[in-house]
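These are my notes from a first reading of the structure, kept in the order in which I looked things up.

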Amino acid sequence: MLEQWVYVDGEFVLKEDAKISVYDHGFLYGDGVFEGIRVYNGNVYRLDEHLQRLYESAQSIMLTIPYTKEELTQIIVETLQKNQYRDAYIRLVISRGRGNLGLDPFTCEKPGVIVIAEQLALFPKKLYETGIEIVTVASRRNRADVLSPKVKSLNYLNNILVKIEANLAGVSEALMLNDQGYVAEGSADNVFIVKGNSIKTPPGYLGALEGITRNAIVEIAAELGYNVSEEPFTRHDVYVADEVFLTGTAAEVIAVIKVDGRVIGEGVPGKHTNILLEAFRKRVVEEGVKVYSKSTNVQAG
Ligand code: PMP
């Protein structure tokens, strides 16, 4: 096994030595923000969008990221180069940093910055061929006016409760409703339904994170001629859809073949889901910030 290097507060350390203080408010309170980013064939996919979302999350919680976007890009590129990864998942974490035991974030010295690159896949390959089963869980999405889902914070307890319910039901993902009972998203993915030529995903104000994969699929679907929209829908609409699929950086596009015991369509990944997954996979290897290049290290793509 090759050594794995992790960027922690200005230096690269081996995975075994990658540690933070127990006084870091990221650890004590989930006070911080993060991004999950993918690298395909040496191209960091939609890095600008991820950095934009990260900086907006930080702005919202009054956390000053101690680097510019260009510097963070360089750190990400260096992390990939040091680990010699061409295909990887990157976790970029900005924590509030070390403080005292009180909640007050302004006692913290300086934000912590961590970049981890790993070669992992969320779902086994076979599930992309078979599709997955999901259930609706009792846990509701945080209300957008209380804790905006647009803030991709280190506080993922809402999503973790959903994941626990999914696990207890024996499925790998779940459908989360918002406080009004409209479909919001999965524990870590966005949801889409397909009926005829129309493709729908819940709007952000219903509690869904504005996923970067989601936005990419909306764009691709529109280009391919689908009638794609952000619209509220209920569980009924999910049950009677021709196809249902989830999107996320880690999950990419994965078909859902059963929801709350109802078989969706033919009970296999649908034609449109496969078309979108294929179009997505084709683009990701071409688009993005290039990590390995002959002339320069970083090149906007
Ligand atoms: N919703 C939630 C709650 C998530 O954590 C994620 C993963 N970041 C997504 C949706 C999908 O977003 P993206 O496509 O940007 O990974």
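Predicted model: local features only at pLDDT ≥ 70, side-chain atom pairs only at ≥ 80, totals over all residues.

**Helix H2.** Next I turned to helix H2 (residues 47–60), which has 14 residues and reaches 20 Å from its first C-alpha to its last, close to the 20 Å expected at 1.5 Å a residue. Which residues of H2 are buried? I wrote down Leu-47, His-50, Leu-51, Arg-53, Leu-54 and Ser-57. Looking down the axis of H2, I found these buried residues within an arc of 160°, so they line one face of the helix. What they pack against is a list of several elements, namely strand E3 (32–40), strand E4 (43–44), helix H3 (69–83), E5, H6 and strand E16 (289–290). Just after H2 I came upon Met-62, which takes a positive phi of about 55°.

**Helix H5.** I checked the length of helix H5 (residues 157–168) as well: at 1.5 Å a residue its 12 residues should span 16 Å, and the end C-alpha atoms are 16 Å apart, which agrees. The buried residues of H5 are Asn-159, Val-162 and Ala-166, and because they fall within an arc of 60° when seen down the axis, they line one face of the helix. Among what covers them are strand E7 (132–140) and strand E8 (173–177). On the other side of H5 I noted Leu-157, Asn-167 and Leu-168, which are exposed. Gly-170 follows H5, and its phi is positive, near 80°.

**Ala-88.** Leaving aside residues up to four places away in sequence, Ala-88 touches Val-39, Leu-80, Ala-117, Glu-118 and Gln-119. I also looked up its separation from Asp-104, which is 16 residues apart from it along the chain, and found 35 Å between the two C-alpha atoms.

**Two loop residues.** Val-22 lies in the loop between strand E2 (11–14) and helix H1 (25–29), and with 8 C-beta neighbours inside 10 Å I counted Val-22 as exposed. Val-22 and Arg-98 are 76 residues apart in sequence, yet their C-alpha atoms are 8.0 Å apart in space.

My last entry is Gly-196, in the loop between strand E10 (190–195) and strand E11 (198–201). Why did I list Gly-196 as exposed? The reason is that 10 other C-beta atoms lie within 10 Å of Gly-196, and a residue with 12 or fewer counts as exposed. From Gly-196 to Ser-229 I noted 33 residues in sequence and 13 Å in space, C-alpha to C-alpha.

How values were computed: Residues numbered from 1 in each chain as written. Helix = DSSP H or I, 4+ residues; strand = E, 2+ residues; numbered from the N terminus. Buried ≥ 20, exposed ≤ 12 C-beta atoms within 10 Å, placed from the backbone. Expected span 1.5 Å × (residues − 1). Arc of directions from axis to C-beta. Contact = placed C-beta atoms within 7 Å.
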